[in-house]
Amino acid sequence: MRDVVYAERDGFRPLALDLHLPAGPSGSDASAARPPADTALPVVLFLHGGGWQVGSRREFGPDIADAFERIVEAGFAVASVDYRLSAEAVFPAQVDDVLAAIGWLRANGPGLGLDASRLVLWGESAGATLAMLVGLRADAAARAVIDWYGPTDFIEHARALGREHDPGCSEAKWFGATVGSDPATAAAASPARRAHGDAPPFLIVNGTADTSVPASQAVLLADALAAAGAEATLVLVEGAGHRWEGDVDRDALLDDAIAFARRAVA
């Protein structure tokens, strides 16, 4: 189901999602594949990367063949969601957009054979940060969060990359200010600084050779969640760059994430 409008903001483009469902008996009619109410599908809500500046719900991100289809084959519906980019609106507009998408799934899911109460948030890079921020909110009621190489602490991230005062970097454009000039916004957008004991289980995966989002960002989040008493599984992928660049078994990483999601909604 392509181009499903889930929210309309005054002065902005309509916001849409693509809903990936099991194929119908003919292989082409997704609506015909709606399961009985007692077997409604759990939902993976996927958020693309792109530094909050670019990207599309049509993109999974890393080069993994048929990723959305493989998640569906594992027993999920996948809602791949667009959100406002930083040239359209600054933080926290994107968090509001994701919450609106969850609201749409809750309202419309029963008629589509979906169980939005069994929700897994999954994002890559910039989308992972959004997944984490939303997953840490009580009103999201997510069962789990999958973080693939998302920034988790923007103050430490900017220091590590030497761009605390760089107005051209992606996070400055997202915040509407540099990290150095507005540390309060940077902290508010940092999942590691918002960790709490009631957080859902997190799967945190980062490459050790990632120069865009250093692996230290993943460690910061895992430590913060553990200190708060929440469940966090940290996986550091040796030699992997951003978006799983390098000699990396991407299929295994996808399979591991799917297995984590299935355990969370069981």
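## Sheet, helices and cores in a predicted model

The model discussed here is predicted.

| Strand pair | Sense | Bridges | A facing pair of residues |
|---|---|---|---|
| β1 and β2 | antiparallel | 3 bridges | V4 and L17 |
| β2 and β4 (77–81) | antiparallel | 4 bridges | D18 and S80 |
| β6 (144–148) and β7 (202–207) | parallel | 4 bridges | W148 and V205 |

Strand β2 (residues 15–20) is mostly covered, with 6 of its 6 residues buried. In a regular strand the side chains alternate between the two faces of the sheet. In β2 both faces are covered: L15, L17 and L19 are buried on one side, and A16, D18 and H20 are buried on the other. In soluble globular proteins, nonpolar side chains tend to be buried together. The largest nonpolar core in this model has 59 residues, and those with the most contacts inside it are L45, L105, L114, L121, W174 and F202. Helix α2 (residues 93–112) contributes the largest share of this core, 8 residues. Another core lies apart from it and has 31 residues, among them F46, V78, A264 and V265. Within the largest core, L121 is one of the residues with the most contacts. Leaving aside residues up to four places away in sequence, L121 touches L45, I102, A131, V134, G135, A142, A144, V145 and I146.

The structure holds 16 aromatic pairs. The ring centres of F46 and F60 are 4.7 Å apart and their planes lie at 15°, so this pair is stacked. It joins distant parts of the chain, 14 residues apart: F46 belongs to strand β3, and F60 to the loop between β3 and α1 (67–73). Both F46 and F60 are buried. For W148 and W244, the ring centres are 5.5 Å apart and the planes lie at 75°, so this pair is edge-to-face. Here 96 residues separate the partners, with W148 in strand β6 and W244 in the loop between β8 and α8. Both W148 and W244 are buried.

These two pairs belong to one aromatic cluster, formed by F46, F60, F68, W122, W148, Y149 and W244. Among its members, W148 also stands opposite V205 in β7, and F46 is one of the residues of the 31-residue core. A charged side chain meets an aromatic ring at F12, where R84 lies over the ring face at 4.9 Å from the ring centre.

Notes: Residues are numbered from 1 along each chain as its sequence is written. This is a predicted model: local features need pLDDT of at least 70, side-chain atom pairs count only at pLDDT 80 or more; totals for chains, interfaces and linings use all residues. Side-chain values use heavy atoms; hydrogens and water are left out. A nonpolar core is a set of buried Ala, Val, Leu, Ile, Met, Phe, Trp, Tyr and Cys residues joined through side-chain atoms within 4.5 Å. Buried means under 20% relative accessible area, exposed over 50%, partly exposed in between (1.4 Å probe, protein chains only). Helices (H or I, at least four residues) and strands (E, at least two) are DSSP runs, numbered from the N terminus. Contact means heavy atoms within 4.5 Å. Two strands pair if DSSP finds at least two bridges between them. Rings of Phe, Tyr and Trp (its six-membered ring) pair if their centres lie within 6.5 Å; planes under 30 degrees apart count as stacked, over 60 as edge-to-face and the rest as tilted. A charge sits over a ring if NZ of Lys or CZ of Arg is within 6 Å of the ring centre and within 35 degrees of the ring normal.
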